[in-house]
Amino acid sequence: MTITSVNPATNETIGQFESLHKDDVTDAVAKAHDAFQTWRESTFEQRKKCMLKFAKLLRDDADEYARIITLDMGKRISESQYEIEYCANIAEYYANGAEEFLADQSMNQDDAEAYMRHEPLGVLLGVMPWNFPFYQVVRFATPNIMAGNTILLKHASNVPQCARAIEDLYNECGLPGGVYQNLFIPSEFVEVIVSDSRVQGVSLTGSEPAGRAVAALAGKNLKRSVLELGGNDPFIVLEDADLDDVVEKAVQGRTVNAGQSCVASKRFIVVSDIADQFMKRFKQAMSSLQLGDPMDEETTLAPLSSESAAVKLQEQVQSSINAGATVVLGGDRPDREGAYFNPTILTDVTPDNPTFDQELFGPVATVYVVDDEDAAVELANRSSYGLGGSVYSADRERAERIARHVHTGMMFINQPTKSQAELPFGGIKNSGYGRELSHLGILEFVNKKLIHLGPKS
């Protein structure tokens with residue numbers, strides 16, 4: 001099997017990598033397991049030194065790494081540059097905070113002494129997606145390396161240049177051999193790895209079907225797992241919201257990464273009092289987006305990640321139209337080379353429409369009009385997903401009240417869902433389980449061991 005990188009802006013092949021064989025995978029597991037025996041005994045200072053160098057290396061050659069991202073999956077170059085800086089921030093956050101996050105925790109009783117100790121588990125497998133090809137890997141690998149675990153990484157097959165560059169970075173920052181290994185492998189080899197007794201856990205960010213498959217494997221083999229899957233984030237607009245600000249953030253929230261984000265704003269739920277005004281301004285703003293070369297700073301809407309992604313999105317949109325949805329804007333692909341999709345707004349998507357509870361991964365917004373805030377909450381919760389969401393109102397207390405009633409892992413007031421190193425990231429329902437980032441992210445794959453010292457002396 002050959003793993004190929006195709007520039008989605010031109011559909012031209014720009015790189016190829018040979019897949020590993022099954023024996024190579026078994027050897028990689030053994031190497032990671034052997035490395036764990038010594039890495040688990042390393043000090044926080046040793047680990048910190050590596051991660052701070054990792055951050056420095058990222059920043060020193062940020063333009064080149066950003067270029068690789070854009071070539072592999074088509075992200076606008078400014079967004080790629082931001083992604084690299086964010087990865088450096090994550091590395092520094094865990095480098096500086098891991099010792100505190102993993103410190104022994106007193107569990108003393110009135111008559112006895114005890115504490116909880118955090119110990120690494122061992123070899124972990126990460127299965128990562130293409131949409132944020134550096135960030136998704138770094139947010140999984142860095143905290144777990146700082147915790148003393150070792151990493152096997154299966155990246156998405158359409159971003160092999162990113163996968164190789166990340167492995168080179170982890171090696172160059174001073175990690176011992178075997179602590180981090182990139183695996184160019186087909187999906188069927190995931191079962192081989194998860195089934196290996198030396199592997200202690202698996203983390204996947206990706207689609208719901210992929211998450212179900214990995215969760216089943218983890219459960220069958222009694223391995224820990226973390227899943228960050230799809231989202232269908234509501235964007236709730238109340239009648240007292242600042243429409244100028246809301247429309248700007250609606251476009252930003254829907255078209256970040258060309259709309260290819262699990263936490264991109266997808267369902268725009270607007271109370272009827274301002275629905276017409278919102279729609280008029282939103283349509284105008286979406287229609288002003290400029291499709292173009294993602295390397296060009298003037299481009300405001302990049303291509304999708306691949307031709308197959310664009311074809312799938314077109315099929316979803318067409319099925320929605322066939323079921324009665326109204327096209328307010330777009331609804332099709334432009335007549336140009338590359339995996340582009342026109343900015344699109346749909347309305348009249350009823351619960352029996354096939355896309356009502358699907359994740360549309362691209363610049364396609366679905367707008368719903370509701371009578372009041374109670375109806376907005378009810379509609380927001382009519383989804384099998386529960387990742388993020390946002391509420392817009394001049395009354396922050398009112399918005400906060402609504403946010404508490406929306407069933408998601410994250411809610412933001414007057415801003416689209418986003419991630420920061422210091423904030424926990426994750427969802428509920430079909431959006432997965434577990435948390436990444438913040439101090440919680442480093443605790444997912446550690447043994448919380450109780451040490452009971454007996455009666456107080």
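Helix H4, covering residues 77-101, is built from 25 residues and stretches 34 Å from first C-alpha to last, close to the 36 Å expected at 1.5 Å a residue. (Helices are DSSP runs of H or I with at least four residues, strands are runs of E with at least two, and both are numbered from the N terminus; the expected span is 1.5 Å times one less than the number of residues.) The model is a predicted one, where local features need pLDDT of at least 70 and side-chain atom pairs count only at pLDDT 80 or more, while totals for chains, interfaces and linings use all residues. Residues are numbered from 1 along each chain as its sequence is written, and side-chain values use heavy atoms, with hydrogens and water left out.

H4 also has a kink of about 35 degrees, centred on Ala95. The bend at a residue is the angle between axes fitted to the seven residues ending there and the seven starting there.

Now for the gaps. On a 1 Å grid over the protein atoms alone, a cavity is a set of points where a 1.4 Å probe fits but cannot get out, and a pocket is an open set with protein on both sides within 12 Å along at least five of seven lines; lining residues have an atom within 4 Å of a point. Points are joined across faces, edges and corners, and a volume is the space filled by probe spheres set on them.

The largest pocket holds about 960 Å³ of space. It is lined by 37 residues, and Pro129, Trp130, Gly206, Ser207 and Ala210 are the closest to its centre. Helix H8 (208-220) is among the elements that supply at least two lining residues, and H8 gives the most, with 6. The lining splits into 18 nonpolar, 15 polar and 4 charged residues (nonpolar means Ala, Val, Leu, Ile, Met, Phe, Trp, Tyr, Cys and Pro; charged means Asp, Glu, Lys and Arg; the others, Gly among them, are polar).

H4 turns up again at the second largest pocket, giving the most to its lining with 5 residues. This pocket has a volume of about 750 Å³. Of its 33 lining residues, Glu79, Tyr82, Phe132, Val256 and Asn257 are the closest to the centre. Here the count is 12 nonpolar, 14 polar and 7 charged.

As for cavities, the whole structure has 4 of 30 Å³ or more. The largest cavity takes up about 80 Å³, and strand S14 (364-370) is one of the elements giving two or more residues to its lining.
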